[in-house]
Amino acid sequence: MAASENITTPSQQSASTSPAVAQQTSSPRSQQSLDLPERELMLGGLSLNEEGRTVIREFGQPTQTSSGYYSSLEYPGFTVWLDEGVVTGMTSTSDQYCTPAGVCPGMAFAQVRELYGLPVVSDREDGQFMEYYTAETSCWLKIALNGPMGHELVESVSVVCQP
């Protein structure tokens with residue numbers, strides 16, 4: 001975890017945080033809720049550890065690709081990250097690529113809380129995110145929000161894994 005990440009516990013909830021979410025301050029793996037079933041770590045029917053060629057077979061040719069430390073396959077509203085040709089993460093900004101429970105960009109965050117409960121709120125280098133962890137893996141759902149406090153909408157849903 002980067003030094004700039006700040007996570008607070010529910011008992012330390014900030015007045016600036018919506019009462020609908022709780023913040024945590026120590027390591028997310030030490031105090032988070034581990035209630036998310038591993039099967040929810042999918043977007044648009046795509047699972048972690050799928051082969052890149054399977055992604056292309058299922059979703060077609062990407063509109064853009066990149067290579068480097070991780071490779072990526074980009075589709076409108078959907079990015080898939082690969083490491084050595086295997087899916088290691090993905091992000092959706094489109095309601096066409098949702099979790100199995102139906103968490104999609106554009107939906108009210110209140111609906112996400114109904115499905116998954118209270119998240120871990122993480123302040124990371126690239127913003128504040130609502131996160132849901134599993135007990136089985138070092139991967140989690142990372143949800144970005146936008147909109148006025150109390151009426152937040154899901155901006156993006158990512159499946160992220162810690163190496």
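These legends walk through several close-up views of one predicted model. Residues are numbered from 1 along each chain as its sequence is written, and side-chain values use heavy atoms, with hydrogens and water left out. Because the model is predicted, local features need pLDDT of at least 70 and side-chain atom pairs count only at pLDDT 80 or more, while totals for chains, interfaces and linings use all residues.

**View 1. The disulfide between cysteine 98 and cysteine 104.**
Let's start with the sulfur atoms. A disulfide here is a pair of cysteine sulfur atoms within 2.5 Å, and by this rule the count comes to 2 disulfides. In this view cysteine 98 is joined to cysteine 104, with an S to S distance of 1.9 Å. The torsion about their S-S bond is about 115°, so this disulfide is right-handed. Are these cysteines buried or exposed? For relative accessible area, buried means under 20%, exposed means over 50%, and partly exposed is in between (1.4 Å probe, protein chains only). Cysteine 98, at 15% relative accessibility, is buried, and cysteine 104, at 14%, counts as buried too.

**View 2. The disulfide between cysteine 139 and cysteine 161.**
The sulfur atoms of this pair are 2.0 Å apart. With a torsion of about 105° about the S-S bond, the disulfide is right-handed. Cysteine 139 lies in strand β11 (residues 139-146) and cysteine 161 in strand β12 (residues 153-161), so the pair ties together parts that are 22 residues apart in sequence. Strands (E, at least two residues), like helices (H or I, at least four), are DSSP runs numbered from the N terminus. Cysteine 139 is buried, at 9% relative accessibility, whereas cysteine 161 is partly exposed, with a relative accessible area of 26%. With bonded cysteines counted along the chain, the disulfides follow the pattern 1-2, 3-4.

**View 3. The hairpin of β11 and β12.**
Stay with the cysteines of View 2 and look at their strands. Two strands pair if DSSP finds at least two bridges between them; β11 and β12 pair in the antiparallel sense over 8 bridges. Which residue in β12 is the bridge partner of cysteine 139? It is cysteine 161, to which cysteine 139 is also joined by the disulfide. The hairpin has 6 residues between its strands, and glycine 147 in the turn has a positive phi of about 105°.

**View 4. The loop leading from β10 to β11.**
Threonine 137 lies in the loop between β10 (127-133) and β11, and at 18% relative accessibility this threonine is buried. What does its side chain contact? A polar contact of 3.0 Å joins it to the side chain of threonine 134. (A polar contact is a pair of N or O atoms within 3.5 Å; within protein, one must be able to donate a hydrogen and the other to accept it, and residues adjacent in sequence count only if both atoms are side-chain atoms.) A polar atom of the threonine 137 side chain also lies 3.1 Å from the backbone nitrogen of cysteine 139. Serine 138 is found in this loop between β10 and β11 as well, and is partly exposed, with a relative accessible area of 33%. Serine 138 and glutamine 162 are 24 residues apart along the chain, and their C-alpha atoms are separated by 5.7 Å.

**View 5. Strand β7 and its neighbours β6 and β8.**
Strand β6 (residues 71-75) pairs with β7 in the antiparallel sense over 5 bridges. Tyrosine 75 has phenylalanine 78 as its bridge partner in β7. Their hairpin has 2 residues between the strands, and glycine 77 takes a positive phi near 80°. On to β8: β7 and β8 pair in the antiparallel sense over 6 bridges, with leucine 82 opposite valine 87 in β8. This hairpin has 2 residues between its strands, and glutamate 84 in the turn has a positive phi of about 55°.

**View 6. Strand β8 beside β12.**
Strand β8 (residues 86-92) and β12 pair in the antiparallel sense over 3 bridges. Threonine 91 stands opposite serine 158 in β12.
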